[in-house]
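Biologist: I have the sequence and the model open side by side. Can we go through it together?

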Amino acid sequence: MATIGLSDMFYAKITENSEGLETYNTPSRLAKAIQADLSIEIAEAILYADDAAQESVREFQSGTLTLGVDDVAPEVAADLLGAGIDDNGVLISSSEDVGPPVAVGFRARRANGKYKYFWLYRVLFGAPSTKLQTKGDSISFQTPSIEGTIMRRNKPDSRNRHPWKAEAVEGHPDVQNTTISNWFNAVYDPDFPGVSGASAPTSAHAETVTPKATPKATASKPAGQDDTGKSDA
């Protein structure tokens, strides 16, 4: 279904352990969204044998995310671009600035009034472009745009794959309401129950079996003897 809007743009800082595996901080609002352009590069290889293509592999390689926003606040620029804020609150950009990768989330309104939600797991931004123009007879808004490189996540999911994007459609029968309501509270982590280490579901109707007591053995009486042990003879 076509989308007709874009809103609620968030980012989450990333903490990496010694192996480079990501932990995501609580998401923060990036800016008010104007536009998001996402382009993807695919690596493709084709195996030829007997003068014909026998196998083909297409894999995600990287992508480019270009965001048009209303403004980039100094604290957001510091988080995304590695710029510094001095003691007077002035944003200082340096040639040595290198921004850390972050996760980026947003949602797009669909024609039916519901939303499609996104998280990009690892994006590395560069310095934003700025266009300034003097005021003329008519008013023309000038807004910044910021471009980042999309990469796959280092941390594998339970299938031992490296996700680069998550998306959920509001109202889809398989998407829970809690998934949508919590989408911007934390970066969504893939959930594949029953795969590679996931605990097996327990039946709610499992029967509890209690072992039966084993009856004690009773010694048999010799033939011709009553209960007192006396002989009939």
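Predicted model: local features only at pLDDT ≥ 70, side-chain atom pairs only at ≥ 80, totals over all residues.

Biologist: Fine. What secondary structure does the protein have?

Modeller: The protein has two helices and eleven strands. Read from the N terminus, the order is β-β-β-β-β-α-β-β-β-β-β-β-α.

Biologist: And how much of the protein counts as buried?

Modeller: The figure is 24% of the 233 residues.

Biologist: Back to the aromatics. How many aromatic pairs are there?

Modeller: The count is nine aromatic pairs. One of them is Tyr117 with Trp183, where the ring centres are 6.1 Å apart and the planes meet at 65°. An angle over 60 degrees counts as edge-to-face, so this pair is edge-to-face.

Biologist: Where do Tyr117 and Trp183 sit in the chain?

Modeller: Tyr117 belongs to strand S9, residues 115–125, while Trp183 lies in the segment after helix H2, which covers 177–181. The pair links distant parts of the chain, 66 residues apart.

Biologist: Why do you call Tyr117 buried?

Modeller: Tyr117 has a relative accessible area of 5%, and buried means under 20%. Trp183 is also buried, because its relative accessibility is 3%.

Biologist: What does Trp119 pair with?

Modeller: Trp119 pairs with Phe184, edge-to-face, at 6.4 Å centre to centre and 65° between the planes. This pair, too, links distant parts of the chain: Trp119 is in strand S9 and Phe184 in the segment after H2, 65 residues apart. Phe184 has a relative accessible area of 15%, so Phe184 is buried.

Biologist: Which residues form the aromatic cluster?

Modeller: Phe10, Tyr115, Tyr117, Trp119, Trp183, Phe184 and Tyr188 form one cluster.

Biologist: Which charged end sits over the ring of Tyr115?

Modeller: That of Arg107, at 3.7 Å from the ring centre. There is also Arg153, with its charged end over the ring of Tyr121 and 5.1 Å from the centre of that ring.

Biologist: Which residue is the bridge partner of Tyr11 in S8?

Modeller: Val104 is the partner of Tyr11 there.

Biologist: And how many bridges join S1 to S2?

Modeller: Three bridges join S1 to S2, residues 22–24, and those strands run antiparallel. Thr15 has Thr23 as its bridge partner in S2.

Biologist: What about the hairpin of S1 and S2, how many residues lie between the strands?

Modeller: Five residues lie between the strands of that hairpin, and Gly20 takes a positive phi near 85°.

Biologist: Change of topic, the surface. Which residues make the nonpolar patch of about 210 Å²?

Modeller: Leu38, Ile40 and Ile42 make that surface patch. Ile40 is part of strand S4, residues 33–49.

Biologist: Why is Ile40 called partly exposed?

Modeller: Its relative accessible area is 34%. Buried means under 20% and exposed means over 50%, so a value in between counts as partly exposed.

Terms used. Residues numbered from 1 in each chain as written. Heavy atoms only, no water. Patch = residues over 30% accessible without salt bridge, like charges linked within 9 Å, V, L, I, M, F, W, Y side chains within 5 Å. Areas by Shrake-Rupley, 256 points an atom, 1.4 Å probe, with all protein chains shown as cover. Salt bridge = Lys/Arg side-chain N within 4 Å of Asp/Glu carboxyl O. Helix = DSSP H or I, 4+ residues; strand = E, 2+ residues; numbered from the N terminus. Buried < 20%, exposed > 50% of the residue type's maximum accessible area, 1.4 Å probe, protein only. Pairing = 2+ DSSP bridges. Phe/Tyr/Trp six-rings, centres within 6.5 Å; stacked < 30°, edge-to-face > 60°. Lys NZ or Arg CZ within 6 Å of the ring centre and 35° of its normal.
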